[in-house]
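Please open the model in your viewer and keep the sequence panel beside it. The stops below go from the ligand to the strands and then to a few single residues.

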Amino acid sequence: MAEKVVPKQAPAFEFMLFEGDADHMRTVIATPNEASPWIDPTTLKLRHRIGRGSFGDVWLATHHQSAEDFDEYHEVAIKMLNLVKEGNLKIIMDRFREIFFKCQALDSVCWLHGISIVHGKISIIMKFYEGSIGDKMARLREGKLSLSDILRYGSNLAKAIMEMHSQEIIVLNLKPTNFLLDENDRAILGDVGIAHLLLGISLSNSDTIHRLGTPNYMAPEQWEPEVRGPISIETDSWGFGCSILEMWTGVHPWSGRSIQQIHHSVVVDQEKPHIPNGLPPEIENVLAGCFEYDFRNRPLMDDILRAFKSAQDVSLTGAPFTVLGMDSGRGIHHGYTEWFLTKDHLREGDVVRSRKTPNSCKPESMVIPEGKIVGLERNDSRDGFVLVRVHRIHDPLRIHASTLERVTHGFAAGDWVRLKEEERKHSSVGILHSIHRDGRVAVGFIGLETLWKGKFFELQMAEAYCVGQFVRLKSDVFNPRFDWPGKRGGPQATGKIIRIHPNGCLVVKFPGRFSLREKHGAFLADPAQVEVVSFSTCPGVVQKYQHLEDFHWAVRPLLVALGLFTAMKLGLFIGRKMGKSKMKKGQRTTTPREGQQVDGAGNSAWLPSVATIIRR
Ligand SMILES: Nc1ncnc2c1ncn2[C@@H]1O[C@H](COP(=O)(O)OP(=O)(O)OP(=O)(O)O)[C@@H](O)[C@H]1O
C-alpha cells in the first residue's frame, strides 16, 4: 500500500478543531500540570492500512520523536475512527483520557500510546502487535483453532475483560479480529472500549447499529440499549461467547444472515447461537449462560475465567472432564440461573428475605419475610447453607443461600424503584440491579443506555409489575413514550404484559384487539406511564365486562352469539308457553304453523334489546 505522510497542518484537521489548531486541541484534552495522552499529529507518519472495521480503519504508522541529541521512531498501529460530529469531539477526547489512564495499569489490554487527530479523524495510537486471533484463524485451513489454544486465549481474554470491567469500562465489541497476539502468543484485548467511548454520541454517518458493536456478536440489549437495555458488563459475556464459538467452529455467528435478520433472530425471536458438541462441559455450560436473553442471568467474566482455567487444568492433566458448580443439575434454580444467584455473596450480619420467584408480585408468600444471617456454613456463601435468625423463632434456621436475597436499606436487587426527583431524560421508574452495603445503587431505567448509578436515598419503592398483568395508559398521559393503541369506542386499549426488560420496559400485547397486522406485534410501555387493570379495581359491572373483553378478541363475538342464542331459546320457550295457555283456555285462534310464526315474531322483538345489552 502507498505510504502516506501526515501533513503538518491538514486542512480537514483544522476544520474539525473548532477553528483552532493542534495546540488548541491539546488544551482541550489536557489541563495544566497533567500528563496528557495527546500526540502531535506531525510526529506520526502513516505507512499503510492493515484493517478496516465498522468503527474505522487501522493503519501501520511510525511515531517520530526527536530532540537536539536524538532522533528516533517506532512502529505503531493507529485506529482512525469514523468522523464524529464536531460538537462531540471534546466529549470523546475527555472520555478517551479517562480510558487512557485506566488502561495504563492493565497488562492484558492493548498498550495505548495516546490520541491524536489525523486527517480530521480521532486517531487512537497503540502498540503494534503481531496480528489478531482473527488473522491467525484466517490463515488456518478450516479457520478453527485447537481446543488448547481456545482455552489458553479464552483465559487470557477473560482476564483482560475482567480488568476492563474493574475499571468500569464495557468493551462491547468483542470478536476475534479485536483480540491481538503478542510476541509470546498471548491474547491481548485490542479494543479498549471504543463503542463505550461513543455511547450516546451520534456519528456523522448516523449508523447507530455500528456505533454499538458488530451485529454478529451483539447481545439483545445492545441493539436498543435505551429501550431493551441497559447494557451492562454481562453484555460482554454474550460477545465473548460468540467469539469462542467462532474460534471453535471457524464460522461467524449468524453467518449468512443480514443485519435485519440477525436483529430479528436475537432480539425478537430470542434465538441463541448454537453450541456444537465437543467442548468441555465447563465451557459448554458457561457458554450456554452467556446466551441468556436477560443479561442478569449471564455469567460474569470472573465465572467465565474460572470455567476456562478449570478446563485448562483438566486438559493439561488429561483427566476426564467434570462439571463444577452448585450442583450437577446446573441451569435454572427457582427461575434464576446459577450465574444470577452467585452474583451476590451473603455475609454474616446481612439482612435477608426469601427470594421472590422472577416476575412475581406476591411478596406475602415469603417463608422468611425478614431475618439476619448469623452464620455461614462455608466461608464462601455461593454454594452453601446459611444460618438465619428470624424474629420470634428461637433457633436460627438453616437455609440454602440461593433462596435468600439481601435487603440493604430496605431495598433488594430486582425491586421496582422510583426516583424521588423526577428526571426528564429518562423514565423515573425502573428496576434495581444492585445495592452495595454502603448504599450505592445501580438501576435500569428506560431512556438510559447504561445503568444509572446513585445512592439508595434517592430512591423509593415503586409499584411492581409482573408478566400476565393487564395495564393501560394513565389518563393523564397525553404523550406516551411509546405508541399505544386506541380502543374501539373508548380512549385507550388495555394490554397484557408478556415480558419485562431489565430496565423495566414493559412488552405488552393486546389480546382483546383483533388485527391481522398486529398479529405478532407487541407494544412497549414505560412503567411510569401505565396503571394496572384488574377485576377487583374495575368499578361497576360495565367496566368489569369491558375488562373481560381485554382477555381475548373472541370474547365479544362469543358473548354476542351466546346472547342471540339465549334470546332465541327464550323467545321460543315463551312463545310455546303462551301458545299452550291459549289452547288450554280453548281460544285457539291460530294453526300450529301460524303459532310458530307468532313465536318468531316475538323473537325478533327480543333480539335487538338483548343485542343492545351485550353491546357496550
Ligand atoms: N494494535 C494492532 N497491532 C497490530 N495489528 C492490529 C492492531 N489493531 C488492529 N490490528 C489489525 O487490524 C485488523 C482489523 O482491526 P479493526 O479493529 O479495524 O477491525 P475490526 O475489528 O473488524 O473492526 P472494528 O473494531 O472497527 O469493529 C486486525 O485483525 C489486526 O490484524
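Begin by selecting S54 together with the ligand: a polar side-chain atom of S54 lies 3.2 Å from an oxygen atom of the ligand, which falls within the limit for a polar contact, a pair of N or O atoms within 3.5 Å, where within protein one atom must be able to donate a hydrogen and the other to accept it, and residues adjacent in sequence count only if both atoms are side-chain atoms. This is a predicted model, in which local features need pLDDT of at least 70 and side-chain atom pairs count only at pLDDT 80 or more, while totals for chains, interfaces and linings use all residues. Residues are numbered from 1 along each chain as its sequence is written, and side-chain values use heavy atoms, with hydrogens and water left out.

An N or O atom in the side chain of K175 is 2.7 Å from an oxygen atom of the ligand, and for the side chain of N178 the corresponding distance to a ligand oxygen atom is 2.8 Å. Taken alone the ligand exposes 620 Å², of which the protein buries 91%, with accessible areas taken from the Shrake-Rupley method with a 1.4 Å probe and, for residues, only the protein chains shown counting as cover.

The ligand is surrounded by 22 residues, and the closest are K79, S132, D135, K175 and N178. Colour the strands (DSSP runs of E, at least two residues, numbered from the N terminus, as helices are from runs of H or I of at least four): β1 (44-53), β2 (56-66), β3 (71-81) and β5 (121-127) each supply at least two residues of this shell, and the largest share, 4 residues, comes from β1.

From the shell, move to strand β4 (residues 112-118), which is mostly covered, as 6 of its 7 residues are buried, buried meaning under 20% relative accessible area, exposed over 50% and partly exposed in between (1.4 Å probe, protein chains only). Strands β4 and β5 pair in the antiparallel sense over 6 bridges, where pairing requires that DSSP finds at least two bridges between two strands. Select I117 and you will find its bridge partner in β5, I122; then select H119, which takes a positive phi near 55° in the hairpin of β4 and β5, with 2 residues between the strands.

The next stop is an open sheet of 5 strands, in the order β14-β13-β12-β11-β15, with antiparallel pairing. Which strands stand at its edges? They are β14 (397-400) and β15 (404-406), each with a single partner strand, so one side of each is left without a neighbour in the sheet. Within this sheet, β11 (residues 351-354) is joined to β12 (residues 371-376) by 2 bridges, and V351 stands opposite K372 in β12. On the pairing of β11 with β15, which has 3 bridges, select V352 to see it opposite R406 in β15.

Finish with two single residues. L287, by contrast, lies in helix α12 (residues 281-290) and counts as buried, at 0% relative accessibility.

Technical notes:
Near = heavy atom within 4 Å.
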